[in-house]
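This report goes through a protein chain in terms of its packing, its charged pairs and its backbone. Please look over the sequence and the model first.

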Amino acid sequence: MAVNPALDTPTDLPNTRSVADALNAALANCYALYLKTKNFHWHVSGPHFRDYHLLLDDQAAQILGVTDAIAERVRKTGNVTLRSIGDIGRRQTIVDNDKDFVEPQAMLKELRDDNLKLVEDFRAVKDASEAAKDNATSGIVDDWTDQAEERAWFLFEASRK
Ligand SMILES: [Fe+2]
């Protein structure tokens, strides 16, 4: 994404563009996963309603909590980030689920797979940041990865038969 000269923030790091591309891809997927997790929080039903409803609310809050840090890493390294829901829609690779009804077990499985997709996105961020000598991004992405792996673990255990 070309940076408008009015937003051209200086950085001494080489190749931050590829880091920004990886961060923006992960950010779009965070927003897609945030809204899907809220969607399932709102629409889950059945005997485990309370457990799943609360679990998904915790997870949604955690996902939303990393979005600002991701976007600000992009800006700190001289690039530009997402601007709109439309921008998210053009970049997201986590697929929306607009079905009228989803079984609770299917919700947990889908969210687990999506969180593991996010782990892959964060691995791409890690690789790009190390190549660019962007130590701060390389360090902070470890926490985001750990959180996504923890969400995938909780979703797996909650759906274990
Ligand atoms: Fe709620």
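## Basis

Buried means under 20% relative accessible area, exposed means over 50%, and partly exposed lies in between, with a 1.4 Å probe and protein chains only. The model is predicted: local features need pLDDT of at least 70, side-chain atom pairs count only at pLDDT 80 or more, and totals for chains, interfaces and linings use all residues. Residues are numbered from 1 along each chain as its sequence is written, and side-chain values use heavy atoms, with hydrogens and water left out.

Helices (H or I, at least four residues) and strands (E, at least two) are DSSP runs, numbered from the N terminus. UniProt lists residues 21-155 as "domain: Ferritin/DPS" in an unreviewed entry. Its positions are given in the numbering used here, feature names are shortened, and annotations may be inferred rather than shown by experiment. Over residues 21-155 the chain is 79% helix and 0% strand. The end C-alpha atoms of that stretch are 29 Å apart.

## Nonpolar core

In soluble globular proteins, nonpolar side chains tend to be buried together. A nonpolar core here is a set of buried Ala, Val, Leu, Ile, Met, Phe, Trp, Tyr and Cys residues joined through side-chain atoms within 4.5 Å. The largest one has 39 residues. Leu23, Cys30, Ile70, Phe122 and Trp144 have the most contacts inside it. Helices α1, α2 (49-76), α4 and α5 (135-159) each supply at least two residues of this core. The largest share, 12 residues, comes from α1.

Which residues does Phe122 touch, not counting those up to four places away in sequence? Contact means heavy atoms within 4.5 Å. By that rule, Phe122 touches Ala26, Cys30, Ile70, Val141, Trp144, Thr145 and Ala148. Phe122 is buried, with a relative accessible area of 1%.

## Aromatic pairs

A pair of aromatic rings is described by the distance of the centres and the angle of the planes. Rings of Phe, Tyr and Trp (its six-membered ring) pair if their centres lie within 6.5 Å; planes under 30 degrees apart count as stacked, over 60 as edge-to-face and the rest as tilted. The count comes to 2 aromatic pairs. The rings of Phe122 and Trp144 have centres 5.8 Å apart and planes at 50°, so this pair is tilted. It links distant parts of the chain: Phe122 is in helix α4 and Trp144 in helix α5, 22 residues apart. Trp144 is buried, at 4% relative accessibility.

For Trp153 and Phe154, the ring centres are 5.3 Å apart and the planes are at 85°, so the pair is edge-to-face. Phe154 is partly exposed, at 38% relative accessibility.

## Salt bridges

A salt bridge is a side-chain nitrogen of Lys or Arg within 4 Å of a carboxyl oxygen of Asp or Glu. How many does a search of the whole structure find? The search finds 11 salt bridges. One of them joins Lys36 to Glu110, with the closest N and O atoms 2.6 Å apart. This pair links distant parts of the chain: Lys36 sits in helix α1 (residues 16-43) and Glu110 in helix α4 (residues 104-131), 74 residues apart. Lys36 is buried, at 5% relative accessibility. Glu110 is partly exposed, at 21%.

Arg91 bridges to Asp87, with the closest N and O atoms 2.9 Å apart. The two are 4 residues apart in helix α3 (residues 85-91), so about one helical turn separates them. Arg91 counts as partly exposed at 25% relative accessibility, while Asp87 counts as buried at 10%. Arg160 forms a salt bridge with Glu157, at 3.0 Å between the closest N and O atoms. Glu157 is partly exposed, with a relative accessible area of 35%. Salt bridges that share partners also join Lys36, Glu110 and Asp114 into one network.

## Arg73

Arg73 lies in helix α2. Is Arg73 buried or exposed? Arg73 is buried, with a relative accessible area of 11%. Its side chain makes a polar contact with the side chain of Asp134, at 2.8 Å. A polar contact is a pair of N or O atoms within 3.5 Å; within protein, one must be able to donate a hydrogen and the other to accept it, and residues adjacent in sequence count only if both atoms are side-chain atoms. Leaving aside neighbours within four places in sequence, Arg73 is in contact with Leu23, Asp134, Ala136, Thr137, Ile140 and Trp144.

## Backbone at Lys133

Most residues other than glycine have a negative phi. Lys133 is not a glycine, yet has a positive phi of about 60°. Lys133 is placed in the loop between α4 and α5. Lys133 is exposed, with a relative accessible area of 61%.
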